[in-house]
Amino acid sequence: MNAPLSTWELLHWVATKPTRSTREDLDALLARADFTQVARDVLVSGPPSEKTTALRVLRELVTPEAHALARLALRDEAADVRALAARVLASAQDAADWRSLQEALDDTEPSVQHAVMDSLTRMNPAAASDLFLERFERAPEAEKLNALATAQRLGLPEFGALARRGLASASSTVRTAAVALLAREGEAAEGLLIQVLTDAAGDVQLAALRALSRRAHVPASVFVPLLSASSPLQVREQALQSLVLRGDASACERVCQLLTDPDSSLRRRTILATARLGCSGATRALLEMLTRTRDEDERADLVSALGQLGGPEAWEALRQALSDESLRVRRAAISAWTSDAAPPDATPVLLERLQGAPDTETRKAVALALMNSRPEVAHRALRLALEDSAPEVRRMAVRALGLDASPEALQILRDHQATEREPDVLRHLDAALERQQAPGDTPISAASPAERLLFDPARTGQSVAEWLAVPERSPATERFYFYEGGHLERLGTDGRVHAFQYTALGDELRIQPEGAPGRSTAFTVTPEPPASNGMPRRFRLELARDVLSDTDTPRTLHFIEPGPADLEPDDSH
C-alpha cells in the first residue's frame, strides 16, 4: 500500500499536475497542519509554480501568518508571484501590510502594480484614493494608467479628481483613460467632456465623443464642428452617428457637405444619415451621385436613402433602379418599393417587374418582397411566380405557399399540381401539400434537407451560426446566433439578449419579433477570398433591409469560419 504524500509532495503534485488545480486540491493543502511551514520554505526556495500554488492557499487562510508570508513573496523575483502575493493582502487590515503594498507601488511590472492597487483599494478605498492622487503627478505612465483603471473598475471615492489630473497628462493614452473615468461622473462632467472635444489627439476626442453620444440631452451643435475635414476620420464618423441618434434635422446642411468626401466609407454613412435625419434637401445631391458613381455598394445605399426621402424625382429614379445592372442595387430598389413610404402605384410597378424582368434573381426577389404585402397581393404575386419559366422561381413560390396556412394558399398549390412538370418542383410541391394537409405532424425542419430552418448561408454545417456586427471589435460587438429550428438571439454590446423567430426561405430572411409584426428582407452572402496564411475563411451577410433593428437601411454581418483549434474542447480548467 502506498504511503500518503507529505505536505510538500502534495503541494508539488498540485503545482505540476497537467490540469488546473481544483477547489478540492486547495482544500486538501489547507487541511494540512504543517502547511504554513511548508509554504514558508517553498516561498523562500521553491520554483514559481509551487510558490503561486502556496499563495493561492494562503489567500484562503486570512491569518497574520498568511499575510506575513505574502509580504515576503512581494519581493520575489517572479512577477506573477509578486502579483498573487499582493492579492493575498487584499483582506488585510494590518499597518505592516499597508506599508508593504504602498512600497510595492514602485514595482516596474504593470501586472504587479495593478494587483497592488486593487488590494489597496479593497483594504481602504478612501486612503487608496488619497495615495493615488498624491503619487499621480510624478508617477510614470504605466502607474497613471493603472490608477485610472482601478478607479474605473472599483469606483474610488475621488475618481473625479483623479480623472481631471489625468486630463492634464502629456500622454494621449492617459488622457483617453481619464476621459473614460470622467464619463462616470454624470452631468457634472459634461462641460469638461465638451472641452475635451478640442483635444489635439484624435483618440482622446473619440473617447469624449463616445461618452457624450450616449447622453440624449447634449445638443447637436456640440457634434457638428467635429464633421470638419480637419477632424480624424473616426471622429467624423462618430460625430455623424451621434447626430443620427439625435434625429435633429437642423444638422442636415452640414451633414450633406460630407456627401463629397473622398473617403468612401464616410460617404456611405452620410448617404444613409441623410435619410435617417429626413434631409429632404439632399435628394438632388443623392440623385446626382446615383448617376455618377459606379460603386455598387454606394449605389445600393443611394437607392435605399432615396426610398426613405421620397419625392417624384426620387421614385422615378427608383423605377429605373429596378432594372439596374447590379443585382444588389435592384434588390435595394425592390425593398424601397415595398416600404411604407412607397407611392400608391408600387404594387403594379413590382408586378410588372415580376413578369418582365429578364433575370430569375430579380423575379424571385420581387415575389419574395411582395409576400409581405396584403394577402391578396401576396397570393397574386405567388400565382405569377408559379407561371414563371424558371424552375427555381416556381420552387421558391411553392415553398413560400407551403409556409402559408391559409385556405387560399392550399388551393393555389392544388391548382398548380395539375400543370407542374419539373421533378424538383414537384417534390417540393408534394412536401408543401403534405404539410398543409397535416399541420403539426411533421416539423418543417425535418421535411427534407432543403426545408431545414437552420440559417447557414456560409454552408459551415454547424447547428448554430454566429454572425458578428463588427469583427474588428470582437468580443465588444453585437452578435447574432441563428439556431436550428428557427430561433434567433441577438446579443447586444450591453449584454442584453433579444429573442426572435426566423425563417430562411430561398434568399429571403423573415424575422418574427416577440409581440410585433413579422418583417423580411432579401439577403446575399459573399465569401471573402481565402487567406494565404491559413487563417479561417470569412463571409459577408448583406441584408437589403435591416430587419434585425427594423430599419430600411441595409445591414452587413460577418461570419468567421472556425479553425480546427476553435473546435477542440477546452480542458485547461
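1. Helix H9 (residues 125-136) passes H10 (residues 141-154) in a left-handed crossing. Left-handed here means that the near helix is turned anticlockwise from the far one by less than a right angle, and right-handed that it is turned clockwise. The axes of H9 and H10 come within 11 Å and cross at roughly 150°, and the two helices are therefore roughly antiparallel to each other. Angles under 35 degrees count as roughly parallel, over 145 as roughly antiparallel, 65 to 115 as roughly perpendicular and the rest as oblique. Axes are lines fitted to C-alpha atoms, for helices over the stretch in contact, with angles from 0 to 180 degrees between N-to-C directions. On the H9 side, Phe132, Arg135 and Phe136 meet Glu143, Lys144, Ala147, Leu148 and Thr150 of H10. These residues divide into four nonpolar, one polar and three charged. In this scheme Ala, Val, Leu, Ile, Met, Phe, Trp, Tyr, Cys and Pro count as nonpolar, Asp, Glu, Lys and Arg as charged, and the others, Gly among them, as polar.

2. On the basis of the values: the model is predicted, with residues numbered from 1 along each chain as its sequence is written, and local features need pLDDT of at least 70, while side-chain atom pairs count only at pLDDT 80 or more. Totals for chains, interfaces and linings use all residues, and side-chain values use heavy atoms, with hydrogens and water left out.

3. Overall, the protein chain has 29 helices and eight strands. These are DSSP runs numbered from the N terminus (helices H or I, at least four residues; strands E, at least two). Of its 573 residues, 50% count as buried, where buried means under 20% relative accessible area, exposed over 50% and partly exposed in between, with a 1.4 Å probe and protein chains only. Of the contacts (heavy atoms within 4.5 Å) with a separation of 6 or more, 53% are between residues 24 or more positions apart.

4. H10 also packs on helix H8 (residues 110-123), with axes that come within 9 Å and cross at roughly 40°. H8 and H10 are therefore oblique to each other, and their crossing is right-handed. The H8 residues Pro110, Gln113, His114, Met117, Asp118, Thr121 and Arg122 meet Ala142, Glu143, Asn146, Ala147, Thr150, Arg153 and Leu154 of H10. By class, the contact of H8 with H10 has five nonpolar, five polar and four charged residues.

5. Helix H22 (residues 346-356) and helix H23 (residues 360-370) pack at an angle of about 145°, with their axes 8 Å apart. The crossing of H22 with H23 is left-handed. Leu350, Leu351, Arg353 and Leu354 of H22 make the contact with Arg363, Val366, Ala367 and Leu370 of H23. Six of these residues are nonpolar, none polar and two charged.

6. Two arginines of helix H21 (residues 327-337) deserve a look. Arg328 counts as buried at 14% relative accessibility, and a polar contact of 3.1 Å joins its side chain to that of Glu542. A polar contact is a pair of N or O atoms within 3.5 Å; within protein, one must be able to donate a hydrogen and the other to accept it, and residues adjacent in sequence count only if both atoms are side-chain atoms. Beyond four places in sequence, the contacts of Arg328 include Arg268, Glu296, Asp297 and Pro554. Arg330 is also buried, at 10%, and its side chain reaches the backbone oxygen of Glu325 at 3.3 Å.

7. Cys279 is found in the loop between helix H17 (264-277) and helix H18 (283-292). Cys279 is buried, with a relative accessible area of 2%. Cys279 and Cys256, 23 residues apart in sequence, are 8.2 Å apart in space, C-alpha to C-alpha. Leaving aside neighbours within four places, Cys279 is in contact with Cys252, Cys256, Thr274 and Leu309.

8. Val425, in helix H27 (residues 423-437), counts as buried at 0% relative accessibility. The C-alpha atoms of Val425 and Met396 are separated by 8.8 Å, at 29 residues apart along the chain. Pro391, Arg394, Arg395, Val398 and Glu420 are in contact with Val425, its neighbours within four places left aside.

9. One backbone point concerns Val62, with a positive phi near 50° in a residue other than glycine. Most residues other than glycine have a negative phi. Val62 lies in the loop between helix H4 (48-61) and helix H5 (64-73) and is partly exposed, at 47% relative accessible area.
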